[in-house]
Amino acid sequence: MTDEYEPPERETFDHDPVAHAEARAGMTVGELATEYGDGGIGAANLNEAVDIHAEMLDDDVTNFVGLAGAMVPAGMRTVVADLIRDGHVDALVTTGANLTHDAIEAIGGKHHHGHADPEDGATEREHDEQLRDEQVDRIYNVYLPQEHFTLFEGHLRDEVFPVLAEEGTVSIQRLTAELGRANAAVNDRDDVAERAGIAAAAYEEDVPVYCPAIQDSVLGLQSWMYGQTSDFSLDALADMDEITDQAFDAEEAGALVVGGGVPKNFVLQTMLVSPDAYDYAVQLTMDPPNTGGLSGATLDEARSWGKLEKAARNVSVYADATITFPLLVAAARERVA
């Protein structure tokens with residue numbers, strides 16, 4: 001008769017068995033996120049992200065949000081604007097493209113459902129050549145008629161730039177604030193069915209919007225062109241003072257990073273010149289970390305740079321942010337409530 005088997009001593013084994021998530025009719029999004037926590041891999045990470053983001057919604061936490069990617073054309077505009085209006089964003093770092101598309105919706109333009117793949121047997125090239133002939137721009141499966149850019153350019157030249165030209169050289173944050181003011185004013189004046197959006201919400205709630213790579217957008221191109229024939233110009237470094245002061249003054253700080261690129265790094269690098277670092281951080285990305293690129297770099301890697309506190313709560317969720325972002329926000333709000 002063999003001796004009874006005794007497993008070896010294990011220091012790292014966690015006796016927390018994976019359960020099996022349930023998906024029931026009538027579940028709330030918060031309940032679904034909790035079910036994710038019973039599972040593993042990405043499901044467990046998303047549940048942890050909800051937990052961390054719920055803690056970040058505390059009034060004592062200063063929240064920095066990085067917003068990259070085509071989040072406005074993809075329909076995430078209201079989620080961001082509502083976070084701002086509800087006091088859950090203290091600083092927004094985003095792209096000139098998101099601000100461009102946000103303004104287009106604010107003044108009456110719309111994005112439309114399109115096709116990522118060709119139809120009727122056409123090749124992808126033929127599909128996009130046809131869109132070019134029809135003056136329609138494609139963002140994966142979203143279409144935007146080019147006349148909306150003309151509308152946007154007129155909006156800048158009539159409603160935004162003249163005020164700033166009187167001031168001469170201004171910070172990028174000053175430009176985004178004036179854009180928000182103008183978006184809100186035109187939205188109200190013209191009784192636009194769509195809400196005024198992200199920049200308008202930030203202006204009205206006195207939340208600074210930083211756009212460190214503004215040159216890489218139609219907003220940046222138009223700013224440069226207007227500056228050729230006026231005293232208007234942008235000081236690319238001026239915003240460093242304000243966002244650094246916010247980091248210095250924060251008792252606790254949280255980073256919500258949607259996508260990668262410049263917004264992600266601008267949010268995280270702010271803590272390099274602060275005596276403290278982020279206490280909370282959530283990243284939503286599809287970029288893998290093994291390429292060594294910034295967009296996929298883990299938040300644990302950011303800890304090695306001093307951007308996160310050693311004891312910070314953080315998690316990265318690797319999935320399409322148009323799926324995870326609204327789920328994260330809704331579930332965290334439910335947990336707080």
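Two strands count as paired if DSSP finds at least two bridges between them. The model is predicted: local features need pLDDT of at least 70, side-chain atom pairs count only at pLDDT 80 or more, and totals for chains, interfaces and linings use all residues. Residues are numbered from 1 along each chain as its sequence is written, and side-chain values use heavy atoms, with hydrogens and water left out.

View 1. Helices (H or I, at least four residues) and strands (E, at least two) are DSSP runs, numbered from the N terminus. Strand β1 (residues 61-67) runs parallel to β2, and four bridges join them. Within this pair, F64 stands opposite A91 of β2. Between the two strands the chain passes through helix α3 (residues 77-85), and the β-α-β crossover is right-handed; that is, with the strands pointing away from the viewer, the path from the first strand over the helix to the second runs clockwise. Strand β7 (residues 209-210) also pairs with β2 in the parallel sense, over two bridges, with Y210 of β7 opposite V93.

**View 2. The two faces of strand β2.** In a regular strand the side chains alternate between the two faces of the sheet. In β2 (residues 91-94), A91 and V93 lie on one side and L92 and T94 on the other, and all are buried. Buried means under 20% relative accessible area, exposed over 50%, and partly exposed in between (1.4 Å probe, protein chains only).

**View 3. Salt bridge between R138 and E124.** A salt bridge is a side-chain nitrogen of Lys or Arg within 4 Å of a carboxyl oxygen of Asp or Glu; the structure holds 20. The closest N and O atoms of R138 and E124 are 3.4 Å apart. R138 lies in strand β4 (residues 136-139) and E124 in helix α5 (residues 124-133), so the pair ties together parts that are 14 residues apart in sequence. R138 is partly exposed at 25% relative accessibility, and E124 is partly exposed at 47%.

View 4. R174 pairs with E167, the closest N and O atoms being 2.8 Å apart. R174 has 24% relative accessibility and E167 has 39%. The side chains of R189 and D190 meet at 3.0 Å, N to O. R189 is exposed at 53%, whereas D190 is partly exposed at 41%. One further network, formed by salt bridges that share partners, joins R77, D102, E105, K110 and E194.
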